[in-house]
Structure formats: C-alpha cells, structure tokens
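Visitor: I've got a structure open and I'd like a hand reading it. Could you walk me through a few spots?

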Amino acid sequence: MSQAQATGAFSLLGKRPQSIIENQIYRRQRSLELINALPKELDDDKQNETNHKTYVVIVFSEKAKLQQCQDVEKIIQQFNVLTTLEVLSKTEKYLYLSATTDNLLRFADESELIKKTVTGSMQKFNYHSVEDFLLSGMTANDIVRYCEAPVLIKDAIKPSLLSYIRNGVIEDLFPLHDYEYLEKFSFNWRRRSLPIEEIRNYFGSSISLYFGFTLFYTKALIFPSLFGLVQYYYSFNLSLVSSFYVIWTTIFLELWKRKCAGYSYRWGTIEMTSLDKPRTAYKGELKPDPITGKLTLQYPMRYTYLQMYCISYPVVFLCVTAAAYFALYQFQIEAEVLNDFGAESWLLYVPCIVQSVLISIFSWAYEKLATFLTELENHRTRSQYDRHRVNKLMIFEIVNNFFSLFYIAFVLHELKQLKYQLMMQLLIFQLVCIAQEVGIPLLAVVKQKFAKFMQKEIDEAIKHQVSDLARYEQCFFESGLDKYQSTYEDYLQMCIQFGYVVLFAAVAPFAALGALVNNIFAMHIDLFKLCNIFKRPFARRTKNIGAWQSAFELLSVMAILSNCGILYLQPNIKNFFVNLFPNTSDISFVLFEHLLLGLKFVIHKAIHERPRWVRIALLKADYESSQAYKNIKKLKSQVKID
C-alpha cells in the first residue's frame with residue numbers, strides 16, 4: 001500500500017475495540033463463515049500471499065511511521081519469513097508473518113526440538129534427516145506441531161526486533177487463533193475427560209500440563225470425598241483419618257510425577273535443563289558460552305544472590321510478619337465484639353468474614369510485589385524465574401491463609417472454632433475463585449445482546465485494500481483482547497485449595513467434596529477462557545509443574561504435623577497416652593508423627609518418579625545416539641584411509 005492510500009484510509013476506521021464482547025460477537029456470527037472465503041477481487045499476487053497460514057501478527061503502535069513498519073518487515077524477511085504489511089489507518093498497521101514448511105523445519109533444527117523417530121525413540125530434530133522423523137501417515141508438514149510454528153518464528157525474529165519493541169514502535173506480537181481447531185475444545189456433556197493431547201498441540205506443554213494436573217487432581221479427590229462422607233457418618237478415629245491422608249497425599253503426588261514424566265517424554269521436554277534459552281527479560285553481557293562457545297547473555301550469579309538475600313527475602317519476611325499480625329488482630333476484634341454485644345450477636349461473624357476477604361486482597365497485592373522482586377533478581381531461564389517467584393509466594397500464602405487456623409488449633413485449642421473458621425475461609429475462597437472463573441465469561445454472554453447494536457460493517461474501501469478479509473477481521477478484533485499471562489493464578493488456587501483439604505482434614509470432612517465439585521467446573525471454565533476471552537498465548541515448553549510440585553509436597557508434610565497435632569489435642573487421646581505412658585506421653589505423640597512421616601518416605605521410595613517404559617525409552621535414545629556417533633567416527637576414519 002502506498003503512503004497516499006494509507007493516509008486516505010485514516011478517516012475510515014477508528015481505534016480497534018478493546019472489549020471482549022465485540023470479539024465474541026464477531027467470532028460466533030461472522031468468522032466461521034469467512035474463515036475459508038477469499039475476496040473475489042484478489043489478483044494472482046495477493047492470492048499467492050494467502051496460500052500460507054498466518055502464524056504471527058505484529059501490531060504497530062499509533063506513533064509508528066510507515067518507514068519504520070517497512071524496516072521491521074525487511075529485518076524479518078532476512079530470516080526467510082513470509083510477510084504481508086497492511087497499513088490501513090493511523091491506528092491500523094499490521095504485519096502478518098508466515099513461513100514455508102522448509103523454513104519451519106530449519107527453525108526446528110536450530111531450536112533442537114525433540115521429535116519422535118521411526119524407531120520409536122525421541123531425538124533432537126535434524127533437518128538433514130527429515131525422513132527419520134516421518135512416522136506412518138505423516139508428511140513433512142506434520143512434523144512441526146501447530147503450537148510450535150508461531151514460537152519458532154517468534155524466537156527467530158524477536159532478538160532483532162527488541163529495539164522496536166522497547167521504543168514502542170511494535171505494540172504487540174501474538175499468534176492468531178485457529179477457529180476450526182478451537183471446535184475441538186467446545187463443551188460436550190458426553191466427554192468424560194479433557195483432550196489433553198489436543199490442548200498440548202494447540203497451546204503447548206506448559207498450559208496442557210496445568211490441565212493434565214487439574215484433571216488428575218480432580219480424579220484423585222474422589223477418594224477423600226468418599227472417605228469424608230463415611231468419616232462424617234461413622235465418626236472415624238482421628239488416627240485413621242490422619243493415616244488415610246498421609247497415604248492419599250503421598251500416592252497422589254508420586255503418581256502425578258509418573259503421569260507428568262509420561263507427558264513430558266511424549267512432548268519432548270523431559271530432558272530440559274537450566275541451560276535452556278534465556279528469558280526475553282534477562283539482562284546481561286554477551287560472552288562466549290562455556291559449553292557451546294556461542295555468544296550468549298551472561299549475568300554474575302553473585303548479584304542475583306545479593307538481591308535475593310539482602311533485599312527480596314527481608315521484604316518477604318516483613319510481609320509475612322504483617323500478614324501474621326493481621327491474622328491475630330482478628331481475634332482481638334472478636335474478643336471486643338464478644339464483650340460489647342454478647343455471644344449471640346450476629347456481629348461475631350463480621351471479623352471472620354472481613355479476615356477472609358483481606359486474605360484475598362493481600363494475596364493479590366503480594367503477588368505483584370513478589371513478581372517485581374523476582375524480576376529484579378534477573379534469573380536466566382523461565383523455569384528459574386518461576387521457581388523463585390513461587391517460593392516467595394508460598395511462604396506468604398501459607399501464613400496468609402493458614403496462620404489463623406494454626407493459632408486457633410494449637411494456641412487456643414478451640415476445635416469448634418477451628419472448624420467454623422476453616423469452612424468460612426474455604427467458602428470465601430471458593431466464592432472468590434468462582435467470581436474470577438465465571439464472572440468474566442458470564443458478563444460477556446449477558447452483554448452480547450447489547451453488543452449486536454455496536455457491530456459495524458467494515459467500509460468497502462477498506463475491504464479492497466486488505467489481501468485477506470477474514471484474516472484482517474480476525475486480527476482487528478483479537479488485537480483488542482487481554483493478554484494471557486501464565487498459569488500462575490490457576491496453580492495458586494489449586495495449591496491453596498489443597499491446603500484447605502489436607503491440613504485440617506480431621507475437622508473438615510467435606511472440604512474434599514467441595515473442592516471436587518469446584519474443580520469439575522473450573523477446568524472447563526479455564527479452557528473456555530483460553531479459547532474465547534484471551535489472545536492466544538505463545539506456547540511454552542516445560543517438563544513438569546516446577547516449584548508447584550514442591551509446594552504441594554510441603555503442604556502434604558505439614559498436613560501430617562497438623563492432623564497429628566489435632567489428634568493429640570483430643571481429650572480422650574491425650575488421656576490415653578498419659579495413662580499408658582505417664583512420663584513419656586509427649587514422646588509417644590512424636591513417635592506416632594514420625595511413624596507417619598516414615599510411612600510417607602517408604603511410599604515415596606517405593607514409587608519411581610518415572611514409569612518403566614519412559615526409563616527404557618530414554619536409555620534407548622541414548623544408545624541410538626551413541627551408536628550414531630560411533631558410525632560417524634567410523635565413516636570419517638574410512639574416508640581418511642581412502
């Protein structure tokens with residue numbers, strides 16, 4: 001498009017919509033009809049431009065000049081990426097990126113993606129041996145998965161575009177949704193399970209592992225839910241309750257490790273290490289890598305440790321102390337209300353409700369602070385960044401959510417109040433989660449009727465200037481959607497919920513049942529939001545759920561201590577140990593608690609974290625690699641002799 005055409009189009013379009021509502025109307029009513037349709041006016045050159053799928057869209061800011069847009073296009077074309085620049089108005093400047101299959105395979109080789117070979121093992125993809133990765137019924141187009149193509153293009157071009165991103169010329173960069181593929185995620189009452197493999201193929205391993213974990217955790221909750229019902233009606237001995245939850249939490253977490261290992265092996269991420277590609281936000285100096293010799297960003301670890309131990313963790317300690325103070329202050333308010341209004345006053349419920357609401361507010365504020373502190377620490381990889389951020393968050397969340405419960409149980413020794421406080425906090429927590437999960441989609445559905453009147457047809461002059469009307473409309477509306485950040489919020493909700501379920505299971509038999517019902521709806525709502533509410537995120541590779549695994553294991557150990565403590569506080573149990581061991585009653589309790597810890601350790605050692613078939617497959621891959629290396633050496637030696 002010429003400069004004159006671009007200028008003439010400025011008055012034809014306003015700013016793109018910033019509302020998910022308009023996008024919903026567009027997607028449901030118009031895009032499925034247009035997705036395969038091309039304007040009849042296209043000439044042969046424009047028709048050829050649309051033969052390749054558009055994987056990534058670059059949105060230029062309002063201040064971006066035409067020359068700058070063209071400069072960005074030229075830089076990207078140096079990587080043999082196919083581009084289509086459309087400058088329609090001052091606020092409508094898009095650059096569509098695509099790539100041939102051959103170029104995607106070259107990117108896959110450079111990124112060392114792990115792919116399945118014809119021998120059944122997983123190996124790093126080799127562009128010069130494509131036939132080794134063509135499984136039965138596959139073509140070269142099928143080697144790079146749909147979630148991988150946008151990431152390969154982004155990783156190739158983004159380092160060269162950082163200056164344009166930082167100075168605000170490039171406003172956004174995101175992959176477009178595939179509406180036909182999204183039909184696979186439509187809600188179906190007959191479907192008993194989430195399509196984890198399809199989610200992985202579309203969203204990548206990081207998001208699919210979250211859904212895999214949520215599905216596995218939800219199924220595992222069936223057992224404590226049934227046990228809780230029986231526990232309520234038959235009043236089991238609390239020692240049996242404690243033993244059951246020790247066995248259940250340990251088996252659940254160990255079996256998840258095995259399930260996760262199977263996922264990560266099939267998805268080619270099981271051998272990821274801390275030496276993987278650095279984060280985009282990682283800062284450092286270009287120096288030769290000690291392993292590859294290539295110039296890579298490097299940052300002295302001593303500065304990271306200095307930031308962590310001299311700034312980050314002291315700030316975390318202050319926040320934890322403040323959270324504990326507010327938790328204790330609730331009891332002082334309750335005492336004052338009790339003295340002023342009596343034990344029958346409904347005002348006694350107010351401090352507990354306020355405390356539960358404050359917990360949610362403090363969690364939101366602290367999450368922002370923890371993210372800021374972790375950014376300052378400048379961790380190299382995404383996995384390191386996530387691990388240190390989760391560590392800070394879990395320290396605070398445990399105190400913020402559970403400190404008052406521990407205080408009631410082991411300082412006040414009020415089990416009835418503990419049960420009331422626990423169920424109230426769990427109820428408020430679930431309501432907040434439901435508001436977050438259901439509120440936004442429900443609001444979108446309710447307002448769709450009003451959005452119909454806001455929908456306007458695109459001006460005919462614009463239709464003649466775009467090369468692909470369906471693509472333009474899709475980009476126009478999706479660029480106004482919110483960006484999906486990460487699975488952090490979702491994991492955090494599951495982790496806190498797990499704490500409510502197991503930490504005081506002796507007095508809360510219905511907590512697991514409430515969590516089960518909540519999760520059944522939550523995982524479908526999460527998938528709906530990803531498909532309909534947010535921009536499609538770039539896929540992230542990961543081999544496990546990272547620091548969240550340690551967080552769940554920490555809560556499972558704390559559950560042993562807390563439930564054993566509640567057991568020992570029972571008058572009949574304590575009197576039994578005092579009569580049986582007059583001088584060593586406390587030691588008897590410690591022995592029982594250590595016995596449960598020992599049982600947990602035995603189960604942990606008895607269940608291998610990787611299934612046997614995964615271990616055999618990894619050994620087979622190593623063997624094939626070593627044999628290939630020997631054959632190369634042998635061939636080189638024969639060539640020298642000849």
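This is a predicted model: local features need pLDDT of at least 70, side-chain atom pairs count only at pLDDT 80 or more; totals for chains, interfaces and linings use all residues.

Visitor: How many residues of helix 8 are buried?

Guide: Buried means under 20% relative accessible area, exposed means over 50%, and partly exposed is in between, using a 1.4 Å probe and protein chains only. By that rule I196, I199, R200, N201, Y202 and F203 are buried. Helix 8 is therefore largely enclosed by the rest of the structure, and the count of its buried residues is 6 of the 8.

Visitor: What covers the buried residues of helix 8?

Guide: Look for contacts, meaning heavy atoms within 4.5 Å. The cover includes helix 6, helix 7 (179-182), helix 9 (205-220), helix 11 and helix 19.

Visitor: Which side chain meets R200 in a salt bridge?

Guide: Side chains of opposite charge can pair when their charged atoms come close. A salt bridge here is a side-chain nitrogen of Lys or Arg within 4 Å of a carboxyl oxygen of Asp or Glu. For R200, the N to O distance is 3.4 Å, and the partner is E148. This pair links helix 8 (residues 196-203) to helix 6 (residues 148-166), 52 residues apart, and on the helix 6 side sits E148.

Visitor: Which residue is linked with E148 and R200 in a network of salt bridges?

Guide: Both R200 and E148 are buried. The network they belong to also includes K115.

Visitor: Is K257 buried or exposed, and how far apart in sequence are the parts that its pair with E553 ties together?

Guide: K257 counts as buried because its relative accessibility is 17%, whereas E553, at 24%, is partly exposed. Their side chains meet in a salt bridge of 3.1 Å, N to O. K257 lies in helix 11 (residues 238-266) and E553 in helix 20 (residues 547-569), so the parts they tie together are 296 residues apart.

Visitor: At what angle do helix 10 and helix 19 pack?

Guide: Helix 10 (residues 222-234) and helix 19 (residues 511-532) have axes 7 Å apart. Axes are lines fitted to C-alpha atoms over the stretch in contact, and angles run from 0 to 180 degrees between N-to-C directions. The contact is made by I222, P224, S225 and L229 of helix 10 and A512, L513 and L516 of helix 19. The packing angle is about 140°.

Visitor: How many salt bridges does the structure hold?

Guide: The chain has 23 helices and 8 strands. Buried residues make up 49% of its 642 residues. The total of salt bridges is 16.

How values were computed
Residues are numbered from 1 along each chain as its sequence is written. Side-chain values use heavy atoms; hydrogens and water are left out. Helices (H or I, at least four residues) and strands (E, at least two) are DSSP runs, numbered from the N terminus.
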